[in-house]
Amino acid sequence: MLSVSFRIKNYPYKNSIKPLLKSALIVLLGTSANASFSQQKLVPNLVQYVKPIIGTQRMGHTYPGATVPFGMVQLSPETDTVSYEQNGKYNPDVYKYCAGYQYDDKTITGFSHTHFSGTGHSDLGDFLIMPTVGQLKLNPGTATQPRSGYRSSFSHANEVSAANYYKVKLDDYNITAEMTTSTRVGFHQYTFPKSDQAHIILDLMAGIYNYEDKNVWTYLHVVNDTLVTGYRQTNGWAKNRTLYFAMKFSKPFIAYGNRNYSKKEVYRGFWGKFNQSKNFPEIAAQKLRAYFDFKTEAGEKIKIKFALSPVSMEGALNNMQTEIPGWDFNAVKEAGQQLWEKELSKITIQSKSIAEKQNFYTAMYHAMINPTIYMDADGKYKGLDQNVHQADGFTNYTTFSLWDTYRALHPLFNIIEPKRNDDMIKSILAHYEQSPEHMLPVWSNSGNENWCMSGYHAVAVIADAVIKGNASFNTQKALEACVATARKRDYEGIGEYMDRGFIPNDKSGVSVSSTLEYAYDDWAIAQMAKKLNQTDIYNEFIKRSENYKNVYDASVGFMRSKLENSTFRKNFDALSTNNQGFIEGNSWNYTFFVPQDPKALIQLMGGNKRFISRLDSLFTMDLPDKYFAETEDITRDGIIGNYVHGNEPSHHVAYLYNWTDQPWKTQERIRMILPKMYKPTPDGLGGNDDTGQMSAWYIFSSIGFYPVAPGSDLYSLGSPAVDGATIQLANNKTFAIETKNQSDKNVYVKEALLNGKKLDRNYITHQEIISGGKLVFVMSNKPAHL
């Protein structure tokens, strides 16, 4: 009998690595490997199905690099340096680089430590590292003349993108680059050729959505020949953002230096007494690029640990020592992949299709990247008031793209990540307490409010958690924060909305969509108030939730912008996305945005028959290119008929047939959308993933139900695309989905049974899910009412 012992010293994830290594040995050596772990349960290898390269081409705006679940570090390659500004105006080419990487590019400029996943606007790209050999070059060059700078050509044939691991060969330097992460530390491993001129470049100027004066200030301190610390302050989407770092090399560098690209100022102080550009231990300027020189043997590995902190350089160094004290690259990679395995296994599916598993588990992966942890290992973080706070009893998160994620991502977390979602709401409430405007976040990142998109959808996230009983926070104070935000008269038309019941087009270019979104959010506040027995607040906001009726024009059958005099604006075009009062959509799509009361919407639009006809037309009509030619958020990739799946306002629309007498059309539409909008290819997302919302829609819809109106405890039934699924609940119970007679043609639900009893409704409740049990779908190739 072979006996195997395990000794993993000085590694913070050693307890999570041991089961993984033992399981691997059992597979390799047989169950007789060691009787002491012969009963070790094998963990399903779900990580193998994660393909981070999905969505990196065209509109997905995802990145292929390494990160752990909800990690503060997203270590990924950049493939160009397109500026946000061109000739004093917005440069539309920059939109492709929201995540820093575009699959069609031929060169890599380096590897930076922070990225947004799937957004339609951007920032970050902090602390770019690039290894090179030969003559030192400190500019990145251009895509058309790559050898004029430090960038390198690469091939996808020599690229590996996996959960918490990225690898690529930099062809121009014959360097193999590998990277992995812990929560707060990026771990680089570069395999060099033999060279007397090997360099590691640290570009403190590089960034995503960069422009001339985005860098406010940078600082670099060379502590010794293996340790460097510093920070960077930027004025971007987040206007007042400072990020600190600690950078440690596995091998001492033999020389170092920097080049200061800042514009010359009249005042320069008296630092001219030193040559600060070569082997000088500190440098501070607006624009810096630094380099570190080595001599390398063929096949020699130089490793770098790069830790981040929102608080201080000391905090970054402590994060490094806490999370990755040693230099075992593979151990860090495997520990991170074990964390992913744990998260992915919260929903396990049965499917005969490898492509479907790749789609599903990559969707799970993308759904668990954001929001991101935003605090040091000791719990300190930078708040919205720019002071340092201590997270007391919760993990502080940032990257809240709430216009997107309230719809399905946070409802998904209420099922499979209830503790994290509770902490996210505590982070949202901390934001409110620290906000100079005394408002809940709209789109927040890195201790900043970005004010992007419309609505005040933090209230929907909070209400959804309260209604579903996942609220350890102070619910009364949370309600007060929701009400204060919804009464903020000077924010984007709220005063007009309160006084008139709609926002005039004269006052806002997104008057209709904001009116509709406010009405939905107000309904969510009303549901929370009702749950908390606040009758006066309930009455106020349930009345406000009907304001959607004020922008419906019965004469044309569409939502339409109104003027201050309460007349509808002329020159109406229901197909146009421009100058009609909507954000990222047209009236055809937004007219269906009343998720809080589909029954009333059906009556408003003329009843069941007319409503179904309108829905049918949405999915089947032709939308000429001219109607979205001037938009960057909507492209043909994400459109089916005139239904824009690549943008979030329509994500609930296919489920609205469930409120009509033809619910089978919901089933038909869902099974049509899934394969059209999601594929296991680089261009496999039909729109921006939007920090996980597109992926959350896929997850819910694949297993057979969807939260049409977060703030309600109901999930609308659809048509599951998988053979079966098991949801692991936080209370150690499971909720199973079984699909009988599943096939590509059998898209209709003949009957559904919950815990053995036939359902006579088109929904299930949150309590039914978290109580555990089994939902069975019996499928058919012919429509039938449930």
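Which handedness does the crossing of helix 8 and helix 11 have? The crossing of helix 8 and helix 11 is left-handed, meaning the near helix is turned anticlockwise from the far one by less than a right angle. This is a predicted model, where local features need pLDDT of at least 70 and side-chain atom pairs count only at pLDDT 80 or more, while totals for chains, interfaces and linings use all residues. Residues are numbered from 1 along each chain as its sequence is written, and side-chain values use heavy atoms, leaving out hydrogens and water.

**Helix 8 with helix 11**
- Helix 8 and helix 11 (residues 511-531) cross at roughly 30°, and their axes come within 9 Å.
- That makes the pair roughly parallel (angles under 35 degrees).
- On the helix 8 side, the contact (heavy atoms within 4.5 Å) includes V459, A460 and I462.
- Helix 11 brings in Y520, D521 and A524, among others.

**Helix 8 with helix 7**
- Helix 7 (residues 418-434) packs on helix 8 (residues 458-467) at about 135°, with the axes 11 Å apart.
- The two are therefore oblique to each other.
- N421, I425, I428 and L429 of helix 7 meet A458, V461, I462 and A465 of helix 8.

**Strand 6**
- Strand 6 (residues 128-133) has 6 of its 6 residues buried, so it is largely enclosed by the rest of the structure (buried is under 20% relative accessible area with a 1.4 Å probe, protein chains only).
- L128, M130 and T132 point one way, and I129, P131 and V133 the other.
- Strand 6 runs antiparallel to strand 12 (residues 195-203), joined by 6 bridges.
- Opposite V133 sits A198 of strand 12.

Methods
Axes fitted to C-alpha atoms, helices over the stretch in contact; angles between N-to-C directions. Helix = DSSP H or I, 4+ residues; strand = E, 2+ residues; numbered from the N terminus. Parallel < 35°, antiparallel > 145°, perpendicular 65-115°, else oblique. Buried < 20%, exposed > 50% of the residue type's maximum accessible area, 1.4 Å probe, protein only. Pairing = 2+ DSSP bridges.
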